[in-house]
Each structure stands twice: as structure tokens, then as C-alpha cells.
Amino acid sequence: MDKLKMAIQKSGRLYEDSIKLLKDCSIEINIGIDKLKTTALNFPLEILFLRDDDIPQYLEDGVADIGIVGKNVLLEKRKKIKIKETLGFGKCRLSIAIPKTFKYKNIKNLYGKKIATSYPFLVKKFFEEKYIEAEIHEISGAVEIAPGIGLADCICDLVSSGSTLFMNGLKEVETILESEAVLASNLHLDKDQLIIMNKLLFRIRAVKKAKNNKYILLNVPNERLKKIISYLPGITSPVILPLANSKCSSVHSVVNENDFWGIVENLKTIGAQDILVLPIEKIIL
Ligand code: ATP
Ligand code: ZN
């Protein structure tokens, strides 16, 4: 079987998490010194290390079959490729930011303003949808310094914590797009390539599911068992095991990260004791 060619960012914000995702999927790779490409040791995958901006084009052309790239880059480049899975890392937003001294009430205040960005297509679309004319000035990097040097009135750039904006005397006023890393693919994969991609997606989904859930163990007096179980969803139904102390049972379940604290507080209030919470490596349903 041929190998599937997967593009990931050569260095930058998506690199570490992309490598970690492969590792969590039990795919072993040795990264050589030149870091142009490498072959997985135990999975039919060849990894190509590229600049993130080039990945959509390589995917459309079939130079790479699948790739990890930010949704922001993918939507800006508008290549004929398909998103297969969101990956839950590289989270950020594409936002408009203005100098702190700019008096801003609403988006109409941006009428006729000069906006520096590396995302001209997405910014143009945003303003067109709002019927606001603005002048878009495309620059490829260090967008946040543009207002300070008189190049633009405001900017549209990627933000995660907001500290870069703050350091440059800017404040975020509108969000154009919420972004995260996605796995995208070429549109014309053959049967063998689809088989490998689906095997990889199967593993990625198991890892993602595990990350969003916790394994929880608690001891419960038997008379409270029924009530406690009503608070525990579990994947199918909670496991109940007897304890040496015959008046109590051990209850095991899986709880979604988002509901976790609410559930634990309820359990404690109604009599659960010795609550243990463990990470889960993979969930295969
Ligand atoms: P390359 O050298 O590959 O072109 P780059 O400098 O364009 O790298 P990075 O800054 O490494 O790109 O960002 C890669 C991706 O990480 C972004 O396209 C975005 O999807 C994501 N990302 C997450 N948080 C941020 C952030 N605060 N700023 C910029 N990108 C972010
Ligand atoms: Zn880039």
C-alpha cells in the first residue's frame, strides 16, 4: 500500500501540537535534521514539513494528500480542498483592533478607514456583508505595528490572549472568525488513500473524545446509590463494584469535561466520598 502524504507546519504555532497529535495516535516519527520530510515508522504516512500558508495550495494540487492548517489560512486561501476534522488546538480569532485612543461605538466608525491585514479576502468579505467601505492594506507580517507607524488606522489580525495587541496600544473591537487547526484533504484521494485517511481519522477522533472526558471513581453509601447514579451519565451506564465495607459501593463513570465541575459538586453534596478523577488516553465506541 502506498503511503499517504501529510503536510504539517515546519515550525510555528501549529508544529508542536501537530506532532503531539500524531504521537497521541500512536504514530511514531523520527524527525531528521533537514526536517523536509519524514516517514512514520508504524503507519503508512509520509510527513512533509511546510509553511502553513502553502499547505492549502499543496493540498489542492495533490502534492500532499492531507494536512493540518488553521481554518483562518484555509478560508483565506479558498482552495478546492475539504475539511475532514477540527482538531481542538491552535485556537484563535481573527479580529479587528483599533488604537486605544480611537473613539469607537460600533462598526460604522470604521467607514473609510485604512485597515492593515494579512487576510485581505476575509476582511473584504466581512466589510462587504456589513455594507461598509474600508480601505484594505495587505501586509504579510508585524501587522500590529501598522497603526503606530502611520501605515493604517486599524488592523485585522489573529488574536489569542490579546497581549500582543495590548503591548502595541490596541484594543479588539470586532471578531471576524473563530479559528482552530483542522485536518483538510485533497478532493481526489483514491481508494487506498481514503482507507489510510479514515484509519487516521478513527484514531484522531478517539484521542479527541478522550481529551474531552474524564474517568471518575467515587465511593458511595449504598442507600445513596440510586440518587448518585441519576447524576452520572457514563458512556453507556456507570459501573458499580462492591467494597470490602459492605455498606458502600465504588462507582465508576465517564464525565464530559464541560459538565465535570457541576456534576462533581452535586455528587459531593448528595454523599459521594473519595472522588478520584483520571485522564483517559483513548475512547473507542
Ligand atoms: P509560517 O512560517 O509557517 O508561515 P506563520 O508565522 O505564518 O508560520 P504562526 O504564527 O506559526 O504562522 O501561526 C500558525 C497558525 O497558528 C495561525 O495561522 C493560526 O491558525 C494559529 N494561531 C493560534 N493562535 C495564534 C495567534 N495568537 N497568533 C497567530 N496565529 C495563531
Ligand atoms: Zn504563515
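Visitor: How far apart do the C-alpha centres of domain 2 and domain 3 lie?

Guide: In this predicted model, the C-alpha centres of domain 2 and domain 3 lie 48 Å apart.

Visitor: And which stretches of the chain make up the domains?

Guide: The domain assignment gives domain 1 as 4-89 + 180-210, domain 2 as 92-179 and domain 3 as 213-279.

Visitor: Where does ligand 1 lie, then?

Guide: Ligand 1 lies between domain 1 and domain 2, because both of these domains give residues to the shell around it. The space that ligand 1 takes up is the largest pocket.

Visitor: How many residues surround ligand 1, and which are the closest?

Guide: There are 16 residues around ligand 1, and the closest are Arg13, Arg51, Asp53, Asn72 and Ser160. Sorted by class, the shell holds seven polar, five charged and four nonpolar residues.

Visitor: Staying with Asp53, what does its side chain do at ligand 1?

Guide: A polar atom in the side chain of Asp53 lies 2.7 Å from an oxygen atom of ligand 1.

Visitor: What about arginine 13, is it backbone or side chain that lies 2.8 Å from an oxygen atom of ligand 1?

Guide: For Arg13 this is a backbone N or O atom, 2.8 Å from an oxygen atom of ligand 1. With glutamine 9, by contrast, an N or O atom of the side chain is 2.9 Å from a ligand 1 oxygen atom.

Visitor: How much of ligand 1 does the protein bury?

Guide: Taken alone, ligand 1 exposes 630 Å², and the protein buries 77% of that area.

How values were computed. Residues are numbered from 1 along each chain as its sequence is written. Chains are lettered from A and ligands numbered from 1 in the order in which they are written. This is a predicted model: local features need pLDDT of at least 70, side-chain atom pairs count only at pLDDT 80 or more; totals for chains, interfaces and linings use all residues. Side-chain values use heavy atoms; hydrogens and water are left out. A residue is near a molecule or strand if one of its heavy atoms lies within 4 Å of it. A polar contact is a pair of N or O atoms within 3.5 Å; within protein, one must be able to donate a hydrogen and the other to accept it, and residues adjacent in sequence count only if both atoms are side-chain atoms. Accessible areas come from the Shrake-Rupley method with a 1.4 Å probe; for residues, only the protein chains shown count as cover. On a 1 Å grid over the protein atoms alone, a cavity is a set of points where a 1.4 Å probe fits but cannot get out, and a pocket is an open set with protein on both sides within 12 Å along at least five of seven lines; lining residues have an atom within 4 Å of a point. A molecule sits in a cavity or pocket if more than half of its atoms lie within 2 Å of its grid points. Ala, Val, Leu, Ile, Met, Phe, Trp, Tyr, Cys and Pro count as nonpolar, Asp, Glu, Lys and Arg as charged, and the others, Gly among them, as polar. Domain bounds come from an automatic or database domain assignment.
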